[in-house]
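Hi,

Here is the structure I promised to pass along.

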Amino acid sequence: MSEHTEDFIKRFCSKFKQGGEEECWEWEAGKNNYGYGCIQKGCRALKAHRVSYELFVGPIPEGLIVRHKCDNPGCVNPHHLEVGTDADNVRDKVERGRQAKGGEHGRARLCEPEVALIKKFFARHPPVTGWNGGQCNFLARWFGVAVQTVSDIHAQKRWAHITIKKG
């Protein structure tokens with residue numbers, strides 16, 4: 001990233017109110033659909049938290065991203081920002097309960113009651129031996145999903161957070 005001009009830095013700093021180290025410094029200008037602050041520089045829209053990191057901390061190392069320790073995408077407080085990998089960011093999301101799962105996931109084809117029915121079916125009709133292909137085929141056709149999806153639900157690889165009561 002090229003150096004920022006004094007005018008750009010003044011304009012950037014006018015878009016938030018600086019507070020204490022523990023406080024989020026909320027970006028008060030434009031934000032993208034994910035809540036990240038954006039600022040225009042020439043013909044490029046830059047993410048405000050990345051600019052803040054560059055201005056107050058230093059250059060962003062090649063191949064790394066700027067992550068929010070506060071989980072607030074609109075925050076530009078440099079004390080709340082750290083660099084890391086995409087994998088670090090995904091791990092944070094999962095550990096902090098921000099990972100969409102089940103019906104909250106945008107590509108989910110099933111909802112929680114449907115998954116509960118699939119799990120109840122397997123509880124009442126466990127596979128006799130070997131692969132549960134016949135039951136998976138039947139349930140996949142019934143719910144309009146792939147056989148692998150039903151197999152993964154049965155194996156607790158998907159929708160593992162849905163539990164059913166025995167009996």
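Predicted model: local features only at pLDDT ≥ 70, side-chain atom pairs only at ≥ 80, totals over all residues.

**Around H68**

A polar side-chain atom of H68 sits 3.4 Å from the backbone oxygen of N72. H68 belongs to strand β3, which spans residues 65-68, and it is buried, with a relative accessible area of 9%. Setting aside neighbours within four places in sequence, H68 is in contact with Y36, H49, P73, C75, H80, L81 and R96.

**The overall picture**

The protein has six helices and four strands, and along the sequence they follow the pattern α-β-β-α-β-β-α-α-α-α. Of its 167 residues, 32% count as buried. Among contacts between residues at least 6 apart in sequence, 50% join residues at least 24 apart. The protein exposes about 10,900 Å², with carbon and sulfur atoms supplying 50% of that area.

**Salt bridges**

Searching the whole structure gives nine salt bridges.

- R67 pairs with D92, with their closest N and O atoms 2.5 Å apart. This pair links distant parts of the chain, since R67 is in strand β3 and D92 in helix α3 (residues 86-95), 25 residues apart. R67 counts as buried at 7% relative accessibility, and D92 is buried too, with a relative accessible area of 6%.
- K31 forms a salt bridge with E26, the closest N and O atoms being 2.6 Å apart. Here K31 is partly exposed, with a relative accessible area of 39%, and E26 counts as partly exposed at 28%.
- R158 meets D152 through their side chains, at 3.2 Å from N to O. R158 is partly exposed, at 37% relative accessible area, whereas D152 counts as buried at 10%.

Salt bridges with shared partners also join R67, E82, D88, R91 and D92 into one network.

**Helix α6**

D152 turns up again in helix α6 (residues 147-154), where T149, V150, S151, D152 and I153 are buried. Just after α6, Q156 takes a positive phi of about 65°.

**Cysteines**

How many disulfides are there? The count comes to zero. For C70, the closest cysteine sulfur is that of C24, and at 3.8 Å it is too far for a bond, because a disulfide needs the two sulfur atoms within 2.5 Å. C70 counts as partly exposed, at 26% relative accessibility; C111 also counts as partly exposed, at 33%.

Note on methods
Residues numbered from 1 in each chain as written. Heavy atoms only, no water. Buried < 20%, exposed > 50% of the residue type's maximum accessible area, 1.4 Å probe, protein only. Helix = DSSP H or I, 4+ residues; strand = E, 2+ residues; numbered from the N terminus. Contact = heavy atoms within 4.5 Å. Areas by Shrake-Rupley, 256 points an atom, 1.4 Å probe, with all protein chains shown as cover. Polar contact = N/O pair within 3.5 Å; in protein donor to acceptor, adjacent residues only side chain to side chain. Salt bridge = Lys/Arg side-chain N within 4 Å of Asp/Glu carboxyl O.
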